[in-house]
Amino acid sequence: MTRRLPLAAGLALVFGMEGFSAALGMLRTRLVGGWIGPEGFGRLDTALRVIPLLLCLFSLGMTNAIGRYITQHEAGRTQGAFLRAVASWPVGLCVAAGILLACFPDPLGTLLLGSTPSAPFALALAVALPAALMFNLAIGTANGLRAYGARALLQGISALGILALSVLLIRWRPGPSAALAATAAGTLAALGLGVLLLGRRLRT
């Protein structure tokens with residue numbers, strides 16, 4: 001049986017990591033804003049606000065409900081099979097939307113962002129969208145499994161990865177495309193860790 005943290009300790013760990021991640025996010029905002037300028041930061045901020053809006057449309061509510069359903073399937077249908085079944089449609093929709101955005105930045109990108117995005121920016125947005133959905137599903141799964149340490153690690157690695165990659169990519173090629181690519185890559189890095197951590201806890 002997997003060892004679980006007590007509820008109080010788990011909540012303290014999660015809230016502490018959320019504060020740590022928020023502090024790193026504020027630092028990243030200040031650094032990135034200074035490097036890419038007001039216009040570039042405006043484009044980046046718009047994209048980062050569009051992603052949650054699209055997730056509301058494509059997630060089919062699973063990012064909020066997955067924790068409860070994983071708990072209900074502790075005795076019965078295997079959790080791994082259940083997770084793959086319920087995540088396939090939302091992830092598929094997000095991937096399809098990302099492909100459309102990458103292939104048709106105008107008019108789809110213009111409609112969402114208010115201006116025609118460059119090809120690198122549209123591609124970064126296309127990757128960031130399904131990455132954000134899968135990361136949210138991983139967080140919900142960790143909640144359902146009461147794997148508070150895994151959730152805290154996911155949040156911390158994501159925040160650290162996005163900050164580090166933002167510094168590297170923007171220094172190499174300044175601009176909102178690099179900043180958005182750093183967000184997508186940092187999220188994917190944390191997601192890879194989540195697969196390793198949570199895969200051992202799911203009954204497959």
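Colleague: Why is arginine 43 called partly exposed?

Modeller: Bear in mind that this is a predicted model. Arginine 43 has a relative accessible area of 43%. Buried means under 20% and exposed means over 50%, so a residue in between is called partly exposed.

Colleague: And what makes glutamate 39 count as exposed?

Modeller: Its relative accessibility is 58%. The cut-off is over 50%, so glutamate 39 gets the label exposed.

Colleague: How do you know that glutamate 39 forms a salt bridge with arginine 43?

Modeller: Their closest N and O atoms are 3.0 Å apart. The rule asks for a side-chain nitrogen of Lys or Arg within 4 Å of a carboxyl oxygen of Asp or Glu, so this pair qualifies. Both residues sit in helix 1, which covers residues 7-58, and they are four residues apart, about one turn of the helix.

Colleague: How many salt bridges does that rule give?

Modeller: Two. Arginine 49 and aspartate 45 also meet in one, at 2.8 Å from N to O. These two lie in helix 1 as well, again four residues apart, or about one turn.

Colleague: Are arginine 49 and aspartate 45 exposed or partly exposed?

Modeller: One of each. Arginine 49 is exposed, at 59%. Aspartate 45 comes out at 26%, and since that falls between 20% and 50%, it is partly exposed.

Colleague: Last one: which residues have the most contacts inside the largest nonpolar core?

Modeller: Leu129 and Leu180, in a core of 45 residues. Helix 5 provides the largest share of this core, twelve residues.

Colleague: What is leucine 129 in contact with, leaving aside its neighbours within four places in sequence?

Modeller: Ile51, Leu54, Leu55, Phe58, Cys94, Ala97 and Gly98. Each of them counts because contact means heavy atoms within 4.5 Å.

Methods
Residues are numbered from 1 along each chain as its sequence is written. This is a predicted model: local features need pLDDT of at least 70, side-chain atom pairs count only at pLDDT 80 or more; totals for chains, interfaces and linings use all residues. Side-chain values use heavy atoms; hydrogens and water are left out. Buried means under 20% relative accessible area, exposed over 50%, partly exposed in between (1.4 Å probe, protein chains only). A nonpolar core is a set of buried Ala, Val, Leu, Ile, Met, Phe, Trp, Tyr and Cys residues joined through side-chain atoms within 4.5 Å.
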